[in-house]
Amino acid sequence: QLDDETRDLLEVAALLHDVGKIGVPDKILLKPGRLSHDEIPLMARHAAYTREVLASAGAPQDLVDIVHFSRAWFSGEGRNQDRQGKELPLASRMLSIVDAFDSMTTDQLYRPARSRERALGELFEFSGKQFDPELVRQFEALFSQDQNLLTEKLARRWLHRLPQEGNVVPWQVTLPDVTHTADTIHRHESAAC
């Protein structure tokens, strides 16, 4: 029930919210046990890397903000964050819930996947603290619907739009001026001869 622009940004944010993990050493990402005291800050740095990658790729600030605030706790409890509660972007609050649910229901190197029921229980347990309680209730209601139908609707929407628009991202892409670059290289090559 979101407007198209917000939904597009949310979907792209969900796909790219952890892209900054490319800056985390594999020995930490692939570690089967708990992270050491020294490894935790290195892993936490992936959030900043994600913002840097998205901004460098020309992502709109709204997308960067969705990703950034998806890591914020709804209550602000125990966190150094400048927003909390309904001040957090709606898409960030939604992504926070979906990301946590996905993480809990997927096998991890350090633990097996939890059941969907247990994961929903944990979302409710942290409702009002980490997660927006109203959105947790809506997620449970949405989750009880046919997931195959929802996935099909999402895929159909993207597949229908992409060929018509010609872009693979829902924002304006600015391509570098390659003719200017080619002329500069040619002049440098000529001067070297």
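**Group meeting: helix packing and aromatic pairs**

Hi everyone, let's start with two helices, H6 and H8: their axes come within 10 Å and cross at roughly 55°. That angle makes H6 oblique to H8, and the crossing is right-handed. On the H6 side, the contact is made by Leu90, Arg93, Met94, Ile97, Val98 and Phe101. On the H8 side you'll find Leu135, Val136, Phe139 and Phe143. Before I go on, please keep in mind that this is a predicted model.

Let me step back for the overall picture. Of its 193 residues, buried ones make up 28%. And if you take the contacts between residues at least 6 apart in sequence, 55% of them join residues at least 24 apart.

Now back to H6, which has another neighbour to show you. The axes of H5 and H6 come within 8 Å and cross at roughly 45°. H5 is therefore oblique to H6, and H5 passes H6 in a right-handed crossing. If you want to find this contact on the screen, look for Asp65, Ile66 and Phe69 of H5. Their counterparts on H6 are Ala91, Ser92 and Leu95.

H5 also meets helix H4, which covers residues 46-56. Here the axes come within 10 Å and cross at roughly 170°, so H4 is roughly antiparallel to H5. H4 contributes Thr50, Arg51, Leu54 and Ala55 to the contact, and H5 contributes Val64, Val67 and His68.

Next, the aromatic rings. How many aromatic pairs does the structure hold? There are 2. One is tryptophan 73 with phenylalanine 126, an edge-to-face pair at 6.4 Å centre to centre, with 80° between the planes. Why does this pair tie together parts that are 53 residues apart in sequence? Because tryptophan 73 lies in the loop between helix H5 (61-69) and helix H6 (90-104), while phenylalanine 126 lies in the loop between helix H7 (116-125) and helix H8 (133-143).

Are the two partners buried or exposed? Tryptophan 73 has 16% relative accessibility, so it counts as buried, the cut-off being under 20%. Phenylalanine 126 is partly exposed, with a relative accessible area of 27%.

The other pair is phenylalanine 101 with phenylalanine 139. Their ring centres are 5.1 Å apart and their planes stand at 65°, so this pair is edge-to-face; the cut-off for that label is over 60 degrees. Phenylalanine 101 sits in helix H6 and phenylalanine 139 in helix H8, 38 residues apart, and the pair links these distant parts of the chain. Both of these phenylalanines are buried. You've met them already, by the way: Phe101 and Phe139 are among the residues that make the contact between H6 and H8.

What sits over the ring of phenylalanine 126? It is the charged end of lysine 129, 5.7 Å from the ring's centre.

Notes
Residues are numbered from 1 along each chain as its sequence is written. This is a predicted model: local features need pLDDT of at least 70, side-chain atom pairs count only at pLDDT 80 or more; totals for chains, interfaces and linings use all residues. Side-chain values use heavy atoms; hydrogens and water are left out. Rings of Phe, Tyr and Trp (its six-membered ring) pair if their centres lie within 6.5 Å; planes under 30 degrees apart count as stacked, over 60 as edge-to-face and the rest as tilted. Helices (H or I, at least four residues) and strands (E, at least two) are DSSP runs, numbered from the N terminus. Buried means under 20% relative accessible area, exposed over 50%, partly exposed in between (1.4 Å probe, protein chains only). A charge sits over a ring if NZ of Lys or CZ of Arg is within 6 Å of the ring centre and within 35 degrees of the ring normal. Axes are lines fitted to C-alpha atoms, for helices over the stretch in contact, and angles run from 0 to 180 degrees between N-to-C directions. Angles under 35 degrees count as roughly parallel, over 145 as roughly antiparallel, 65 to 115 as roughly perpendicular and the rest as oblique. A crossing is left-handed if the near helix is turned anticlockwise from the far one by less than a right angle, and right-handed if clockwise. Contact means heavy atoms within 4.5 Å.
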